[in-house]
Amino acid sequence: MSPSKTEAAILHVTRSGPRPLAKAPRPGMPLDILVTDSVARYWIIERPTGLASTAELDLLAAERFASIYGDDPADWAIRVDPSPWTDRWLACAIPARYATDLPRTAEAEGWRVRQVQSRYIREFNRCCRHLDADTAFCVAARECTTIGLIVDGKWRGIRVHPPLTHSTARFDTLLQRDCRQAGLASDTIRPVVVGSLRERAR
């Protein structure tokens, strides 16, 4: 980690755990914790009729997470982006040991943790304003490939695959499979690929 005076340092959490964390060069220096998609979990939530509060949404997200993955939601930090402009929301879960415990460790070393994000969420937030309404937004990283499908501005599906360097299928084949599973035609969706292995998607 070698941040400038204005930029936050990034602590990468890989499949095998967080990279070594040194003491902050200066007390209160900003730190972002970036979690690999091979550790995070994703799913889509359809907005229920009569949703009354964020507490109700949190409960719904936790129940849906448990039904999909079979894990105890108490061991995970679950976040939903409840956009008022759509009725299908992207949900993400990060293990609590990285979302809660790791920031405490970092703060004890003099860091000021700004945010804990999965790689896909971080990249999507950077690019979302420039995406078409029908887009396959993909992050091709060294540990995995994450493909999210958006149609008419609504989330339709998201899956995490092995990295393109270890996949038995080409990127366009993965995209076609994901679209078929979501009931979509892949030729109507424009793929946007970012990440260190983006060239392999061509």
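Close-up 1. Helix H2 covers residues 96-108, with 13 residues, and spans 17 Å from first to last C-alpha, close to the 18 Å expected at 1.5 Å a residue; the expected span is 1.5 Å times one less than the number of residues. This is a predicted model, in which local features need pLDDT of at least 70 and side-chain atom pairs count only at pLDDT 80 or more, while totals for chains, interfaces and linings use all residues. Residues are numbered from 1 along each chain as its sequence is written, and side-chain values use heavy atoms, with hydrogens and water left out. Helices (H or I, at least four residues) and strands (E, at least two) are DSSP runs, numbered from the N terminus. At Leu102, shortly before the proline Pro103, H2 has a kink of about 35°, the bend being the angle between axes fitted to the seven residues ending there and the seven starting there. After H2 comes Gly110, with a positive phi near 95°.

**Close-up 2. The buried residues of H2.** Ala96, Tyr98, Ala99, Leu102, Pro103 and Ala106 are buried in H2. Buried means under 20% relative accessible area, exposed over 50%, and partly exposed in between (1.4 Å probe, protein chains only). Their cover includes strands E1 (9-14), E2 (17-18), E3 (29-35), E5, E6 and E7 (111-118); contact means heavy atoms within 4.5 Å.

Close-up 3. H1 (residues 54-69) has 16 residues and reaches 22 Å between its first and last C-alpha, close to the expected 22 Å. Leu57, Ala61, Ala62 and Phe65 of H1 are buried. Seen down the axis, the buried residues of H1 fall within an arc of 135°, so they line one face of the helix; the arc is that of the directions from the helix axis to the C-beta atoms. They pack against strands E4 (41-46), E5 (76-80) and E6 (88-95). Ala55, Leu59 and Ser67, on the other side of H1, are exposed.

**Close-up 4. Aromatic pairs.** The whole structure holds nine aromatic pairs. Rings of Phe, Tyr and Trp (its six-membered ring) pair if their centres lie within 6.5 Å; planes under 30 degrees apart count as stacked, over 60 as edge-to-face and the rest as tilted. The ring centres of Phe124 and Trp155 are 5.0 Å apart with planes at 55°, so this pair is tilted. Phe124 belongs to helix H3 (residues 119-127) and Trp155 to strand E10 (residues 154-161), so the pair ties together parts 31 residues apart in sequence. Ring pairs link Tyr42, Tyr120, Phe124, Phe137 and Trp155 into a cluster.
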